[in-house]
Amino acid sequence: MKIQVNGYSGSGKSTFAKRLSEYYRIPLLHMDTAHFKENWEENDKEIFLNKVLDVFNQDSWVIDGNYSKIVPQRYDECDMLFFFNFNRFKALYGALKRYFKYRNQERESMAKGCKEKFDWDFFKWIMWEGRNKKHKNFYKMILNKCPNHIIFRNRRQVNKYLLTLGIKAK
């Protein structure tokens with residue numbers, strides 16, 4: 001099984017992806033762990049691409065993250081696409097909740113040496129920049145490419161789906 005998890009920052013994509021990976025017992029890649037190295041520095045594009053391909057070339061996977069230009073064929077090959085389409089205020093709430101939970105700590109879904117932070121740039125990303133016309137068009141394109149997709153608009157829908165798999169909400 002090949003599963004792609006996309007959507008807006010702060011909506012819970014990484015947690016959901018981890019739970020699916022554990023449930024199906026298949027490899028998981030959080031794209032942020034491949035994109036960044038210590039202290040939020042970006043990896044070279046070739047290193048980033050190779051880390052993604054290491055997982056993508058396996059028979060089964062869960063890939064969590066957007067990064068539209070990196071291995072776009074994952075949208076052609078995925079068996080299921082989950083899209084987290086939370087409104088900006090729910091996403092902001094999720095990002096702030098995560099920040100206070102992990103403040104100055106490393107999260108499993110981030111590269112080593114990248115401590116949880118919340119700054120003005122991330123606020124702008126959640127509220128406006130990550131929702132611009134270019135990003136919205138990308139999301140429409142991948143949803144059209146993947147006929148097997150589920151769109152979540154809130155946490156209740158996510159938890160209801162997980163319950164269908166026998167996974168209790170946390």
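Helix α8 is followed by Gly 166, whose phi is positive, near 85 degrees; helices (H or I, at least four residues) and strands (E, at least two) are DSSP runs, numbered from the N terminus. This is a predicted model, in which local features need pLDDT of at least 70, side-chain atom pairs count only at pLDDT 80 or more, and totals for chains, interfaces and linings use all residues. Residues are numbered from 1 along each chain as its sequence is written, and side-chain values use heavy atoms, with hydrogens and water left out.

**Helix α8**

- At the start of α8, the backbone nitrogen of Arg 156 has a side-chain oxygen of Asn 154 within 3.2 Å; a polar contact is a pair of N or O atoms within 3.5 Å, and within protein one must be able to donate a hydrogen and the other to accept it, while residues adjacent in sequence count only if both atoms are side-chain atoms.
- Val 158, Tyr 161 and Leu 162 of α8 are buried (under 20% relative accessible area, with exposed meaning over 50% and partly exposed in between, for a 1.4 Å probe and protein chains only).
- Seen down the axis of α8, the buried residues fall within an arc of 100 degrees, so they line one face of the helix; the arc is that of the directions from the helix axis to the C-beta atoms.
- An α-helix has 3.6 residues a turn, so residues three or four places apart point the same way.
- Arg 156, Lys 160, Leu 163 and Thr 164 are exposed on the other side of α8.
- The cover over the buried residues of α8 includes α1 (13-24), β6 and β7, where contact means heavy atoms within 4.5 Å.

**The sheet**

- Five strands form an open sheet with parallel pairing, in the order β2-β5-β1-β6-β7; two strands pair if DSSP finds at least two bridges between them.
- Strands β2 (28-30) and β7 (149-152) stand at the edges with a single partner strand each, so one side of each is left without a neighbour in the sheet.
- Strand β1 (residues 2-7) runs parallel to β6 (residues 80-84), and five bridges join the two.
- Within this pair, Gln 4 stands opposite Leu 81 in β6.
- Helix α8 (residues 155-164) packs on the sheet and touches β6 and β7, its direction making about 135 degrees with that of β7; axes are lines fitted to C-alpha atoms, for helices over the stretch in contact, and angles run from 0 to 180 degrees between N-to-C directions.

**Cysteines**

- The count of disulfides comes to zero, a disulfide being a pair of cysteine sulfur atoms within 2.5 Å.
- The sulfur of Cys 146 is 3.5 Å from the closest cysteine sulfur, in Cys 78, which is too far for a bond.
- Cys 146 is buried, with a relative accessible area of 2%.
- Cys 114 is also buried, with a relative accessible area of 1%.
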